[in-house]
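Dear colleague,

Please find below the structure that I am handing over to you.

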Amino acid sequence: MANLDEIDRRLLAELQNEGRVTNVELAQRVGLTAPPCLRRVRALEEEGVIRGYHADLNGAKLGFSITVFAMVSLKSQAESALREFEDAMHDLPEVREVHMLNGEIDFILKVVSRDLQSFQEFLTGKLTPAPNVESVKTSLTIRTSKDEPGVPLG
């Protein structure tokens, strides 16, 4: 874990809540002047604590009305088989998250799709034929009551 002081934690909390804040505003919020604030943020970026910045898009307004969680079991758990599956998932834009699990299910995927028909085409045309896939169980999201990125910096 990175060695962070209280100002670093406040910087991270502010940036996690509002990634487009200007350096001047960010510095004011955490009690610094702009130059040392910028140095600290750049150091956090270089250390890999801050991985990047992005816009939080509304998928439904862009035509992606379906979110599905797919639980994937593989035929083999050899490292090469795991990596081959992960590499295949990185090439599929519909797959937004890939998490390897312990236990009976090897991976859980978050998949977005325009509608049920396009999800069905994705499932049968891309996911189930992916390398080493033994079985796929899916759950369609009915409602999302919390979707909070990042980590709790309290």
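This is a predicted model: local features need pLDDT of at least 70, side-chain atom pairs count only at pLDDT 80 or more; totals for chains, interfaces and linings use all residues.

The largest pocket

The volume of the largest pocket is about 2000 Å³. Its lining is made up of 44 residues, and those closest to the centre are His54, Ala55, Asp56, Asp147 and Pro149. Four elements, namely helix H1 (6-17), strand E1 (66-74), strand E2 and strand E3 (107-113), each give two or more residues to this lining. The greatest contribution comes from H1, with 4 residues. Sorted by class, the lining of the largest pocket holds 18 nonpolar, 14 polar and 12 charged residues.

Two helices in contact

Helix H2 (residues 23-30) packs against helix H3 (residues 34-46) at an angle of about 95 degrees, and their axes lie 9 Å apart. The two helices are therefore roughly perpendicular to each other, since an angle of 65 to 115 degrees counts as such. On the H2 side, the residues that meet H3 are Asn23, Val24, Leu26 and Ala27; their partners in H3 are Ala34, Cys37, Leu38 and Val41. This contact comprises 7 nonpolar residues and 1 polar residue, with no charged residues.

Individual residues

Glu94 sits in the loop between helix H4 (79-90) and strand E2 (95-100). With a relative accessibility of 18%, Glu94 counts as buried, because the cut-off for that class is under 20%. Apart from its neighbours within four places in sequence, Glu94 is in contact with Lys110, Val111, Val112, Phe122 and Lys126.

Met100 belongs to strand E2. Its relative accessibility is 48%, so Met100 counts as partly exposed. When residues up to four places away in sequence are not counted, Met100 touches Leu82, Asp106 and Phe107. Met100 and Glu86 are 14 residues apart along the chain, and their C-alpha atoms are separated by 9.0 Å.

Asn132 lies in the loop between helix H5 (116-127) and strand E4 (133-140). Although Asn132 is not a glycine, it has a positive phi of about 70 degrees. Asn132 is buried, its relative accessible area being 17%.

With kind regards

Key: Residues are numbered from 1 along each chain as its sequence is written. Side-chain values use heavy atoms; hydrogens and water are left out. Axes are lines fitted to C-alpha atoms, for helices over the stretch in contact, and angles run from 0 to 180 degrees between N-to-C directions. Angles under 35 degrees count as roughly parallel, over 145 as roughly antiparallel, 65 to 115 as roughly perpendicular and the rest as oblique. Contact means heavy atoms within 4.5 Å. Ala, Val, Leu, Ile, Met, Phe, Trp, Tyr, Cys and Pro count as nonpolar, Asp, Glu, Lys and Arg as charged, and the others, Gly among them, as polar. Buried means under 20% relative accessible area, exposed over 50%, partly exposed in between (1.4 Å probe, protein chains only). On a 1 Å grid over the protein atoms alone, a cavity is a set of points where a 1.4 Å probe fits but cannot get out, and a pocket is an open set with protein on both sides within 12 Å along at least five of seven lines; lining residues have an atom within 4 Å of a point. Grid points are joined across faces, edges and corners, and a volume is the space filled by probe spheres set on the points.
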